[in-house]
Amino acid sequence: MLLQAQAALLLLHVLEPVLAFNLDPQNTLRKDGDPGTLFGLSLTFHQQLRPDHKVLLLIGAPKAKALGSQKSKVTGGLYKCEISMSNTCERVEFDNEEDPKRESKEDQWMGVTVQSQGPGGKIVTCAHRYERRTTVGHTNELHSIIGRCYVLSQDLTVDPNADEDGGNWNFCDGRDRSHEKFGYCQQGMAAAFVSHYLVFGAPGTFNWRGVVRMEHRNNTLIDMEIYDDGPYEVGDASLLDATLVPVPANSFLGFSVDSGRHILPGGVVTVVAGAPRANHSGAVVLLRKEDKGSLVGVHTFKGPRLASSFGYDVAVVDLNNDGWEDIVVGAPHFFMKDGDIGGAVYVYMNKEGRWERVTPLRLNGTKQSMFGLAVENIGDINLDSYKDIAVGAPLDDEGAGKVYIYLGSAHQIKTTPAQVLTGRANNIRFFGYSLAGKMDIDENFYPDLAVGSLADAVVIYRARPVIAINIDVKTSVREIDLKNKTCGNNICFVVNASFSYKTKPATYNSFLSLNYSIKADELQRKLGLTPRVFLSNESGFQSDGRVELQSQNEIRYVELKAIVKDNIKDKVRPIFIEVSADIIPTMEKTTKNGLPSLAPILDPFKPNTSVIQIVFVKEGCQDSYICYSNLKMNCSLHYKQSNEFVPLSKNKNNVAEFVLNYERKDLALLVNVTNSGGDYAYETKLAGSFPRGLEYSGVRMVKAATDNPVVCSVGQNSSQVDCELGNPLKRDSVITFYIILSTNNISVDTTEFEIDLQLKTTSNQKIPPLKVKSTLVFELPLSVSGEASPTQVSFGGVVTGESAMKTEEDVGSLINITVRIHYLTNLLWKSSVRAVLHIKWPKLNKQGKYLLYLMNVSTKGQNEVRCSPETEINSLKLTHVKSSVSEPNQKITKEEKKTSGRISSFFGRKNNVLSMESGIHWGHLQCTLLGIDGTTIELRTRLWNSTFLEEYASVKTSRLLVKASLELQTDVKNVILKSPNIDVTVAVSPESDVAQYVVQWWVILLAVLAGILILALMVFMLWKCGFFKRSQKDDSVPQYHAVRIRKESVEREDAKLKPDVTEKKQWMTSWMDSESYS
């Protein structure tokens, strides 16, 4: 499979098509008309047989000045052009009379269309704006634009004895001249010949519905006893019924026409008529004649897009040479809102006359190019047995215009243009407005092409003969055994190449000179490798020469000796011998009509190169020519620390995670390759591709290898490496090694990386690529340290109110907190780091009393550091006291010695970490670090003596925790700090004179226990004395008599209560029930 793929690759290069064709853009013929005459609006080739045999190009000029006998000033006309180097043409004289009382030829546009019937046949040209007049000079004067056509004999004259000749081809004359009928007939907008019929389009009839008429005036048919043969007309030539027209009003049916005999089954004559405004999108109708004089629509192709002008031009051509004529339709106004498409051509391939299920092929033009304004059957211009078409795009290339050539084929039209002709090359605007072909003008058997424009110029392109070079290559050997020396100490073989050419027609036997080139081991050179063979005659890898061929049947031979180089590495890929040839341009010769002959051109669709391969006999393979290896590879990621390789850990998504820091800078890829049970693997290589920032550093074998040492070569940017693993890597071989990668240039923006590995061999094995993925985390070498000076302080004295404090010494003991930032620069990556330092300290306890008061913040370092908020610093506006740093330290040391003995005597008192206590309020400073390394921040703080006297005098040692933490200012989520936090601890103890007045808890406990014991003894003694016994005698209970007090009545005075009057209550020992008592 591998060998076939390599051979196919070379042949694909050989067969690569060249976008060129055989219409010669250099040796063109140009015909120019009078400015402003629209010379070239229509054109056709015509072959005249009598009195002289010659080919003419007929060109319409609808705005040409009138002839001498005409009353009008501008009538239009027809020109005939000889096929010569001259750029001038001759006016054809006809229609040179005019009766102003019956007609007007002013601006009639004679020459709006022109068609030839073929070699020695008739010519038709029309003036669709010809005007018929009646009652001239009267108030009821009537003008009707009916149009008119002229038929000329093959020598461009009007034969009075010929029934067809003359200008009486105006079928709308004499009919109803109203607008709804035939008043704006405009016959001759399009015209065509089919068999012995003439076909005319009249798009203005029936309120612009349009009609198509097919008729003839050949009286010889009467001699053949054919009496009823037309005319045939859409709407019926007798009934003139608009309802029989197969399109609605304003459709312009007949704007374009063409015809054929192999469009519908049965070989019937079929007219193809365009209606570019039908249903606002356009339509094309297939018309067939009926016996009663009607042209009936049998099928309608509808325009696919609104306002696309589908049917502006039509062409009938057999593109695939199947005997059925296909239909090509232009839609120059087609566009797609979301694309750069301006104009389209639809190709309908004939399915044996059945059109209902035909899906068209669309060819697209460029934006605003009017692609498809003209479509033309140009014949078989390369003589490959398939007819071709040309498509005009007159607004392409910013209005210069282009013409696209498309080739037919066995299946359908080739969608890529074989050639593009440009108006810019000829300094012409609106090039491609009209086209004419299907005529060999220089007698080289190839049809040529004429292109018209709106710039009063026509260009004729001649087709060059198409040559196919036949090259046959043979070698004296088909296989090479490297152990068998055939030429002394070398291996040699002979290369034989033969050259001939073939073209159409078979009678073409022009002299041909060829340049040839023989290349040895060409595939190796295309792959960027050194060829393994050189040619002995030149000691090189290529031999060039020249051969001359007198005719198609002649064959020329070339023979060369080839030598195989010693010690070649690639013993699997075949040696390809490539032989190519090209035509040498010859001196120009003159043809019969005085034109310079055209040199032939190579057929771009046939190879001019031949390739043969020579294979090697292979060792260690079951098949002598093909080795089937069984290579397998697995990989894992490690990091290198010191001299050891440690596997990467995996994250929660089971993906390897590489934590990069200054100690862990090298990544190692462990690769294990085996060839278990397979044939020898020749030229085994490992190709590695690394992402940006990872660079190849080296390779290390796991075990020392003698047979297959790993050798790696690096690309230019160190992001690619090729490692040779063995040639061959024998059966059951195992290779394990590390590829070491440096991370010095990796970007901090990298969050993950992917390593692509491809194991290769020239043996026959398809090895899929392997991808190794890992996430990346940057551990920033940034740390923070801190210290307190002093580390232990004491409190004592008396409680002082906050309002009484004026200086910082009134607060309490001085504590300096120092925080330093350390950064190991240039050890990880070159990137500026911005960070914020957060410092927190226990500011207030849960009662809202100060614990640690911040007096001042000072910084040292390369850049200024700003800490906020400033309201945290000396919020009470106390006066600063300047003192040496050693003074408080000495004082503290002295006090510590004084109280150390006393403090130890209170062994049972508790310790307390105030910063962890519930309800503590933290002070918080945020310092932005503009420069990192060496930055020092010092906090000058005071212990709030009064709070500790009131709340913590009973605590043996209180510990104050000051926290410092770093926060990175970056959007990158994969950067971490190894040690971003630090805690600074300060021990706080009461002085001895404060601690001695404190009753210890165990004393209180003993006192409570003693009190409980004494109370229990007293209760026991009272109980023994009978204190708790009750009396048993009844008379000991006292007797009582009830007493009742009379209830006073409430007295009122003026509806108000009288004030209370103090009255002595009388005790009563008897009372009556009728009285009220309280």
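Predicted model: local features only at pLDDT ≥ 70, side-chain atom pairs only at ≥ 80, totals over all residues.

Started with Cys492: its relative accessibility is 12%, so I put it down as buried. Cys635 came next, and I noted it as partly exposed at 22%, since buried means under 20%.

Then the disulfides. I get six of them. Counting bonded cysteines along the chain, the pattern reads 1-2, 3-4, 5-6, 7-8, 9-10, 11-12.

Looked up Cys126 and Cys149. Their sulfur atoms sit 2.0 Å apart, and they form a disulfide. The S-S torsion is about 105°, so I wrote this one down as right-handed. Cys126 belongs to strand 8 (residues 123–127) and Cys149 to strand 11 (residues 148–152), so the bond ties together parts 23 residues apart in sequence. Cys126 is buried at 0% relative accessibility, and Cys149 is buried at 0% too.

Moved on to Cys621 and Cys627. This pair is a disulfide with its sulfur atoms 1.6 Å apart. I read 85° about the S-S bond, a right-handed link. Cys621 is buried with a relative accessible area of 15%, while Cys627 is buried at 1%.

Last pair on the page: Cys712 and Cys723, joined by a disulfide with S to S at 2.0 Å. Right-handed again, with 105° about the bond. Cys712 is in strand 49 (residues 711–714) and Cys723 in strand 50 (residues 720–726), so this link ties together parts eleven residues apart in sequence. I have Cys712 as buried at 17% and Cys723 as buried at 0%.

Key
Residues numbered from 1 in each chain as written. Heavy atoms only, no water. Disulfide = S-S within 2.5 Å. Helix = DSSP H or I, 4+ residues; strand = E, 2+ residues; numbered from the N terminus. Buried < 20%, exposed > 50% of the residue type's maximum accessible area, 1.4 Å probe, protein only.
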